[in-house]
Amino acid sequence: MNHVANRGIDIIAKSKGISPDTNTLASTFEELNIDSLDKINISFEVEEAFNIDIPDEALGTIRTVGDMVDGVTKLRYAKPSSAIATPSN
């Protein structure tokens, strides 16, 4: 797994108080008991961790951990590389 996937899984695990080993890219937010409020809180963490802005309308399309990782990857590559800050963790 790449850095974005590992970091995303860690953010979700921390947010839900579960082991990172319990979720994979195929895990659905429903399986992980992530409700709409959790999704918003996780999106704030992800935005901060990767120095990106997730469009509000994109939140409704994220159903799995893999969807989140794909979205973050696309947003990171859409920015000029000089605008991307390296996460401190």
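**Group meeting: helix α2 and its surroundings**

K16 sits in helix α1 and D38 in helix α2, so the pair ties together parts that are 22 residues apart in sequence. The structure holds one salt bridge.

Some ground rules. This is a predicted model, where local features need pLDDT of at least 70, side-chain atom pairs count only at pLDDT 80 or more, and totals for chains, interfaces and linings use all residues. Residues are numbered from 1 along each chain as its sequence is written, and side-chain values use heavy atoms, with hydrogens and water left out.

Is D38 buried or exposed? D38 is buried, at a relative accessible area of 15%, while K16 is partly exposed at 27%. The cut-offs are under 20% for buried, over 50% for exposed, and partly exposed in between, using a 1.4 Å probe and protein chains only.

Now α2 itself, residues 36-50. Helices are DSSP runs of H or I, at least four residues, numbered from the N terminus. The expected span is 1.5 Å times one less than the number of residues; for the 15 residues of α2 that gives 21 Å, and the end C-alpha atoms are 21 Å apart, which agrees. After the helix comes N51, with a positive phi near 55°.

Buried residues of α2 include I42, V46 and F50. The buried residues of this helix pack against α1 (3-16), α3 (56-59) and α4 (65-78).

Leaving out residues up to four places away in sequence, I12 touches N23, F29, L32, I34, I42, V65 and M68, where contact means heavy atoms within 4.5 Å.

Last, confidence. pLDDT, the predictor's confidence in each residue from 0 to 100, averages 88 over the protein chain, and 87% of the residues score at least 70. Over residues 81-86 pLDDT stays under 50. Where pLDDT is low, the predicted coordinates should not be read in detail.

Technical notes:
Helix = DSSP H or I, 4+ residues; strand = E, 2+ residues; numbered from the N terminus. Salt bridge = Lys/Arg side-chain N within 4 Å of Asp/Glu carboxyl O.
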